[in-house]
Amino acid sequence: MTLIDLANPTRFLALTARVLPWLAGATVILLAVGLYQSALAPDDYQQGATVKIMFIHVPNAWLSMFVWGVMSIASLGTLVWRHPLADVAAKAAAPIGAAFTFLALLTGSLWGRPMWGTYWEWDARLTSVLILFLMYLGLMALWRAVDDPSRAARAAAVLTLVGAINLPIIKFSVDWWNTLHQPASVMRMGGSTLDKSFLIPLLVMAIAFTLLFATLHIAAMRNEILRRRVRSLQMMQASRVAFSSESSAGSRAENASNEAGAA
Amino acid sequence: MQLAGRGVVCVRGGREVFSGLDFEATSGEAVAVVGRNGSGKTSLLRLIAGLLIPAGGTIALDGGDAELTLPEQCHYLGHRDALKPALSVAENLSFWADFLGGERLDAAESLATVGLDHAADLPAAFLSAGQRRRLSLARLLTVRRPVWLLDEPTNALDVAGQDMVGGLMREHLARGGLIIAATHAPLGIDSRQLRIGGAV
Amino acid sequence: MTALSALVRRDIRIALRVGGGALIGVLFFLTVVVLMPFAVGPDLALLSRLGPAILWLGALLASLLTLDRLFMADHDDGSLDLITMSRTPLELACAAKALAHWLAAGLPLIVATPVLGLLLNLDMVATGAVALTLLAGTPALTFTGMIGAALAVTLHRGGLLMAVLVLPLSIPVLIFGVAASQAAIVGPMTFGAPFSILCALSLVSLVIGPFAAAASLRHGLD
């Protein structure tokens with residue numbers, strides 16, 4: 001199976017119909033295992049039980065960036081390789097990415113609450129994620145603003161790629177801006193210093209969330225393909241029946257005028 | 001019912017388009033306004049519709065509803081079709097029916113008459129230029145107005161559509177309405193010609 | 001009455017559908033508010049002091065910029081001709097359009113305010129005060145902004161020119177909106193006095209706006 005096979009929407013629908021239940025099943029199992037392990041993980045000596053938010057927060061933060069990566073590749077697919085399903089993939093990924101980013105923000109602010117005393121701190125990491133969230137919303141607004149999906153696709157692809165180049169620059173600027181104003185960030189969770197009892201559940205959760213994204217993404221792509229089919233069927237209906245009713249409408253008006261004339 | 005204009009002067013952008021124009025139309029009569037491009041055919045319709053203010057002269061409707069002004073008794077079918085692409089065909093039509101008010105007919109029936117009943121639930125964005133024209137015509141059927149002001153009514157329509165417009169106009173005249181139509185093409189019904197701006 | 005409610009329902013429907021743009025106003029509001037700390041620094045004490053002003057400025061810009069096409073879209077597709085000719089007085093039709101715009105674009109701004117208040121470190125009282133003053137003040141912004149939107153149709157250009165025309169008119173609303181919010185948060189003034197003036201400004205604009213807009217549209221006919 002290659003990308004070429006997937007280029008045909010009908011084949012894509014048939015194939016994913018078989019894959020999707022397995023993927024969903026694997027997601028549920030891994031999520032259950034991950035959550036169980038997270039519950040068993042010991043409390044942090046400084047942060048107490050709140051550290052467990054990390055098991056949700058980190059996978060969401062990871063996916064918030066990963067999804068933009070997926071959309072960037074799909075955008076290349078739209079602009080360079082003209083892969084017919086690329087813009088479907090890009091469009092379907094945006095709301096899911098926005099949702100993961102939102103969850104990363106939400107869990108981040110809940111996590112920060114006991115430490116900062118406020119729900120929101122202009123912490124460098126959270127702020128970067130907030131900007132990423134805004135860019136997701138902007139992208140979704142762009143998809144919504146244009147009625148014709150193929151026209152919206154190119155604009156969205158350009159914006160996605162520009163975003164992919166700009167995101168590191170934004171991240172760097174925000175870090176610099178943040179250190180300018182406050183010397184040390186409260187949240188410092190270097191991956192390498194993590195204890196193994198944290199690391200394994202975190203990895204399981206990260207994989208589980210990635211599978212969750214794959215499941216949701218494929219399901220959303222299927223919806224988008226079907227939505228576009230409905231759209232083209234509607235357009236065909238608008239034009240096709242018009243031709244066949246052209247003559248009948250004309251004669252109906254003719255009859256009506258004859259009756260009126262007789263009256 | 002008689003629509004009459006006396007000594008109407010139209011000035012647009014500092015240029016006098018026409019002046020001293022007299023015209024009249026009575027119930028059951030159609031007037032075809034003809035003239036070369038820029039002679040003021042559209043302007044005349046917009047003057048009657050109250051969308052332009054005459055620089056001189058009067059336009060009045062005798063024998064209409066005394067409570068209503070002339071524009072309120074007119075249907076104006078302009079170049080622009082007053083449709084929202086985001087709304088469905090039926091929503092577009094029922095909005096105008098609700099908003100314009102007065103005596104109204106079944107919207108579904110007028111959609112069928114103009115040949116759009118199959119598209120009622122589709123977004124208006126999917127319609128072709130001719131179909132958009134048909135939908136505008138459905139507005140004229142759904143809401144009753146005695147005076148029809150039609151600007152190139154057969155524009156964008158195919159032959160069957162032009163016949164349909166002819167039928168609709170005859171029906172309207174038979175009901176005692178009157179029609180002022182600006183047109184280049186023959187109107188397809190018996191009509192009095194009103195030539196403005198000299199020879200074609 | 002049917003005519004007016006039909007107009008309100010149509011405009012809200014269009015605003016919420018594909019190609020509409022009611023929610024883009026909220027996104028703009030969010031973006032403006034997020035930009036502020038980058039300019040003034042992430043000091044939470046400073047942000048909470050500036051909070052009401054930032055929220056008010058953001059809401060002001062968001063509600064005026066989305067007004068741009070209030071009449072322009074209807075003008076471009078010929079709907080405005082039919083609205084002008086109809087049996088509904090043009091003033092009432094203008095008011096209905098402004099109401100629809102406020103419901104579709106103004107109300108979401110107020111709903112978004114608590115979330116943005118969180119970003120600016122506003123406490124419950126402060127957020128409530130800002131949301132309440134926005135609720136009382138944004139109708140004034142919409143109904144005065146509508147005059148600019150009508151002028152934009154007359155002059156065949158919108159965008160920045162409209163903003164330049166309308167922004168000075170919204171200064172009183174900004175003054176009393178922010179004053180009332182600040183009064184509720186730090187005092188020493190009472191909340192009631194500036195808030196009543198804010199409500200009065202909204203009520204006055206409810207009357208003046210539709211008449212001025214309708215007059216401008218009538219004179220701009222062509």
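Modeller: Before we start, helices here are DSSP runs of H or I with at least four residues, and strands are runs of E with at least two, numbered from the N terminus. Please also keep in mind that this is a predicted model.

Biologist: Is A:Gly163 buried or exposed, and why?

Modeller: A:Gly163 counts as buried because its relative accessibility is 2%, and the cut-off for buried is under 20%.

Biologist: Switching to chain B now. What does strand β1 of chain B join up with?

Modeller: Strand β1 of chain B, residues 2–12, is joined by eight bridges to strand β2 of chain B, residues 15–26, and the two run antiparallel. Within that pairing, B:Cys10 stands opposite B:Phe18 of β2(B).

Biologist: What lies between those two strands?

Modeller: β1(B) and β2(B) form a hairpin with two residues between them, and in the turn B:Gly13 has a positive phi of about 60°.

Biologist: And which strand does β1(B) pair with over six bridges?

Modeller: That is strand β4 of chain B, residues 56–62, and the pairing with β1(B) is again in the antiparallel sense. One of the bridge partners to look at there is B:Thr58 in β4(B), which goes with B:Arg6.

Biologist: Next, the contact between chains B and C. How many residues does each chain give?

Modeller: Chain C gives 27 residues and chain B gives 29 residues. Between them the two chains bury about 2,500 Å², with 61% of that on carbon and sulfur atoms. On the side of chain C, the residues C:Leu82, C:Met85 and C:Arg87 supply 32% of the area that this chain buries against chain B, which is more than any other three residues.

Biologist: How many salt bridges are there between chain C and chain B?

Modeller: The count is six salt bridges, and among them is one in which the side chains of C:Asp81 and B:Arg80 meet at 3.6 Å, N to O. There are also nine residue pairs in polar contact between the two chains, with both residues at pLDDT 80 or more.

Biologist: Which elements of chain C give two or more residues to that side?

Modeller: They are α1 (2–16), α4 (72–76) and α5 (79–85) of chain C, and α1(C) gives the most, with seven residues. By type, the residues of chain C that touch chain B divide into eleven nonpolar, seven polar and nine charged.

Biologist: Last one, then: what does C:Glu91 touch?

Modeller: Not counting residues up to four places away in sequence, C:Glu91 touches C:Pro210, C:Phe211, C:Ala214 and C:Arg218. C:Glu91 is found in helix α6 of chain C, residues 90–119, and counts as buried because its relative accessibility is 17%.

Definitions and conventions: Residues numbered from 1 in each chain as written. Chains lettered and ligands numbered in written order. Predicted model: local features only at pLDDT ≥ 70, side-chain atom pairs only at ≥ 80, totals over all residues. Heavy atoms only, no water. Contact = heavy atoms within 4.5 Å. Buried area = accessible area lost by both parts, 1.4 Å probe. Salt bridge = Lys/Arg side-chain N within 4 Å of Asp/Glu carboxyl O. Polar contact = N/O pair within 3.5 Å; in protein donor to acceptor, adjacent residues only side chain to side chain. Nonpolar A, V, L, I, M, F, W, Y, C, P; charged D, E, K, R; others polar. Pairing = 2+ DSSP bridges. Buried < 20%, exposed > 50% of the residue type's maximum accessible area, 1.4 Å probe, protein only.
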